[in-house]
Amino acid sequence: MTSTAAPIERLTARAFTIPTDAPESDGTLAWDRTTLVLVEIEAGGRTGLGYSYTSAAAVPVIEETLAPAARGADAFDVPKIWDDMVARIRNIGARGVGACAISAADAALWDLKARLLDLPLCNLLGRRRQAVDVYGSGGFCSYSDDRLREQLGGWTADGGCRWVKMKVGRDPGADPARLAAARAAIGEAILFVDANGAFHAKAALAFAERAADLGVAWFEEPVSSDDLEGLRQVRDRAPTGMDIAAGEYGYDPFYFRRMVEAGAVDVLQADATRALGITGFLRAADIADAWNLPLSSHCAPAVHLHAACAAPRLRHMEWFHDHVRIESMLFDGAPRLAHGQIAPDITRPGLGLELKRADAEKWAV
């Protein structure tokens with residue numbers, strides 16, 4: 001009997017950049033492409049994969065800084081490898097690209113462990129639910145009103161979504177008409193808005209009052225997520241029935257703890273592609289649980305799905321237009337929307353994803 005059950009033999013990383021299908025913008029940023037950094041880890045004749053949406057600069061961080069923590073380690077010891085990776089990025093910056101690099105590697109480690117056990121990852125983590133509610137997310141500020149109506153209305157009519165989200169804050173004067181167009185398109189569904197930190201607290205409150213008249217029930221990042229005092233002010237004074245949400249830019253458990261201690265949100269968001277992977281996402285879920293707060297995952301539905309099935313107090317997942325499109329382009333086994341939910345395919349081990357290598361190659365950086 002050896003001390004290592006499944007020694008990790010190889011860890012590699014690659015970046016793929018995919019153009020958007022139309023120009024996109026939110027309250028504080030515009031973009032026309034998205035980069036996915038993929039990690040593959042081999043042990044015991046199996047290969048696990050994970051990824052993050054981040055800069056291609058994460059590739060050398062993964063291969064030069066993180067890989068030595070994994071090579072030769074037991075693939076079943078995911079928490080130990082995670083601890084070692086977190087320690088290794090201390091001097092290069094524990095947040096931002098460093099955290100995203102760990103996020104991709106950690107997801108690959110969990111995928112590998114589940115594949116070695118021939119289990120879907122949700123079964124390994126312990127399922128609380130068979131499927132997860134999602135909300136359609138896009139509605140970019142750069143869209144025409146026609147495109148806005150088509151996209152949001154499609155999620156409710158064809159996808160069965162009970163909630164849809166649109167971007168606001170780039171041109172506040174134009175937003176009331178955009179909100180009215182969205183409301184007309186989605187019928188009885190509930191409308192969410194996301195300002196990506198475009199407002200200051202008093203302007204956010206004024207916007208919230210107008211939005212409440214159109215049934216907006218979710219205001220995401222009305223101010224910068226680093227402005228915990230401003231978030232708390234908006235949360236305390238927002239119209240009844242409107243949840244204030246933030247957390248997508250959290251890179252470690254300390255961030256989430258500070259946010260909930262400040263009373264800054266009604267719903268905590270976490271992103272496994274930024275928050276130190278599936279391990280970090282589940283830690284954020286435990287923090288939300290300890291504070292009796294609902295949790296919502298941010299973007300990247302294919303990498304979140306299995307952890308979302310296991311997380312306590314999960315309200316829903318984000319079915320984000322860009323990432324849904326990319327994940328269906330690059331992976332076999334990407335989840336499909338039906339009746340406002342997505343569910344893991346428990347006939348497939350791990351995350352249930354296989355890279356479409358020939359298709360992906362055209363987007364390789």
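Here, a residue is called buried if its relative accessible area is under 20%. Keep that in mind for these close-ups of a predicted model.

Close-up A. Tyr135 belongs to strand 4 (residues 132-138) and Trp218 to strand 7 (residues 216-220), so the pair links distant parts of the chain, 83 residues apart. Is Tyr135 buried or exposed? Its relative accessible area is 0%, so Tyr135 is buried. Trp218 comes in at 1% relative accessibility, so Trp218 counts as buried too.

**Close-up B. Phe207 and Phe219 make another tilted pair.** Here the rings sit 5.6 Å centre to centre, with 45° between their planes. Phe207 is part of helix 7 (residues 201-212), while Phe219 is in strand 7, so this pair ties together parts that are 12 residues apart in sequence. How accessible are the two rings' residues? Phe207 has 2% relative accessibility and therefore counts as buried. Phe219, with a relative accessible area of 0%, is buried as well.

**Close-up C. Ring pairs join four residues into a cluster.** Which residues does the cluster link? They are Trp31, Phe140, Tyr143 and Phe320.

**Close-up D. Arg147 places a charge over a ring.** Look for Tyr143 again, this time with Arg147: the charged end of Arg147 sits over the Tyr143 ring, 4.4 Å from the ring's centre.

Terms used:
Residues are numbered from 1 along each chain as its sequence is written. This is a predicted model: local features need pLDDT of at least 70, side-chain atom pairs count only at pLDDT 80 or more; totals for chains, interfaces and linings use all residues. Side-chain values use heavy atoms; hydrogens and water are left out. Helices (H or I, at least four residues) and strands (E, at least two) are DSSP runs, numbered from the N terminus. Buried means under 20% relative accessible area, exposed over 50%, partly exposed in between (1.4 Å probe, protein chains only). Rings of Phe, Tyr and Trp (its six-membered ring) pair if their centres lie within 6.5 Å; planes under 30 degrees apart count as stacked, over 60 as edge-to-face and the rest as tilted. A charge sits over a ring if NZ of Lys or CZ of Arg is within 6 Å of the ring centre and within 35 degrees of the ring normal.
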